[in-house]
Amino acid sequence: MKKKLKISSLALAGLMILAACGRSDVTAQSSDFWEKFVYGFALVIRWLSVGGSTGVGIILFTVLIRTVLLPVFQMQANSSRKMQEVQPQIKALQEKYPGKDLESRTKISEETQRIFKEAGVNQYATLIPMAIQLPVLMALYQALTRVAFLRMGHFFWLTIAEPDPYYILPILAALFTFVSMWLSNKGLPEKSGALNFMTYVMPIVIFFFALNVASGVGLYWAVSYAYQVCQTLLLSNPFKMIAEREAKLAAEKEQELKKKRALKKARKKKK
């Protein structure tokens, strides 16, 4: 989980650096491949801008992107949950092979891969959504700051190409990031310290990120994580998972009690 936190933080830092590259206007006549991609982004947002509202266009664009990529994000959520569920087995392996020698490390690696395979864990599933979102965020940022018809867009108190002066979007983006991560971790049978750390640190990273970028990007981020909250509640409801787990434990205990009663009854008959 520490590795995941580091990757996510580096991705955000990299985004801010890359987003700053390229200052000239992007138009329909731009010949560069990336600029054509950025302009295509801008056209889609303008087409979705009901009533000429760029903010509405960004919201609808975000919902569209998240819906199209729903299977990918759900795969990520499922893989993350399964990875946490097998952590007790991984810990048992580490206790079984405590040595630092090559043989012990090889054994742990082989057994870990076997456990992941049996549990259906895809170690790279968490990286796929990030790899997709990075160019989306880059293109969105540059579309808002380099395409004239989007750069002048407004939405309520926001000038779309400038940071939110009242910090409302950064707060919402951080809040929805926290709720999304908290819900995703809520249903896990065991939570590591690194996972809890990430739940609280990532919203702070997102907050400071959203403070310094175009408010349209902050709007995309807030809506994206609000969508993630709804997705989690509908498709991977942690409260339902906890209830099912407790019901299963209760059933197992009841079964154990029945066996004990039956054994006790059989002993009395023998007497």
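This is a predicted model: local features need pLDDT of at least 70, side-chain atom pairs count only at pLDDT 80 or more; totals for chains, interfaces and linings use all residues.
**Group meeting: walking through a helical model**

Residues are numbered from 1 along each chain as its sequence is written, and side-chain values use heavy atoms, with hydrogens and water left out.

Now the record. UniProt, in an unreviewed entry, puts "transmembrane region" at residues 44-73, 124-145, 165-185 and 197-223; its positions are in the numbering used here, feature names are shortened, and annotations may be inferred rather than shown by experiment. In the model, residues 44-73 are 80% helix and 0% strand, with end C-alpha atoms 22 Å apart. For residues 165-185 it's 86% helix, 0% strand and 33 Å between the end C-alpha atoms.

On to the inside. Of the 271 residues, 39% count as buried (under 20% relative accessible area; exposed is over 50%, partly exposed in between, with a 1.4 Å probe and protein chains only). Which residues touch the most other members of the largest nonpolar core? L144 and V217, out of 40 residues. By core I mean buried Ala, Val, Leu, Ile, Met, Phe, Trp, Tyr and Cys joined through side-chain atoms within 4.5 Å. Helices α2 (33-48), α3 (54-68), α7 (127-146), α9, α10 (193-211) and α11 (215-235) each supply at least two residues of this core. Apart from it there's another core of 9 residues, including V86, I108, F116 and V121.

Leaving out residues up to four places away in sequence, L144 touches, among others, T54, I58, I160 and V217; contact means heavy atoms within 4.5 Å.

Then Q228, in helix α11. Buried or exposed? Q228 is buried, because its relative accessible area is 8%. Beyond its neighbours within four places, Q228 is in contact with R66, F73 and S180.

Last, L175, in helix α9 (residues 168-186). L175 counts as partly exposed because its relative accessible area is 45%. Together with F156, W157, Y166, I168 and L172, L175 forms a nonpolar surface patch of about 640 Å² accessible area. Areas are Shrake-Rupley with a 1.4 Å probe, and for residues only the protein chains shown count as cover. Patch residues have over 30% relative accessible area and no salt bridge, with nonpolar side chains (Val, Leu, Ile, Met, Phe, Trp, Tyr) joined within 5 Å and like charges within 9 Å. A salt bridge is a Lys or Arg side-chain nitrogen within 4 Å of an Asp or Glu carboxyl oxygen.

Methods. Helices (H or I, at least four residues) and strands (E, at least two) are DSSP runs, numbered from the N terminus.
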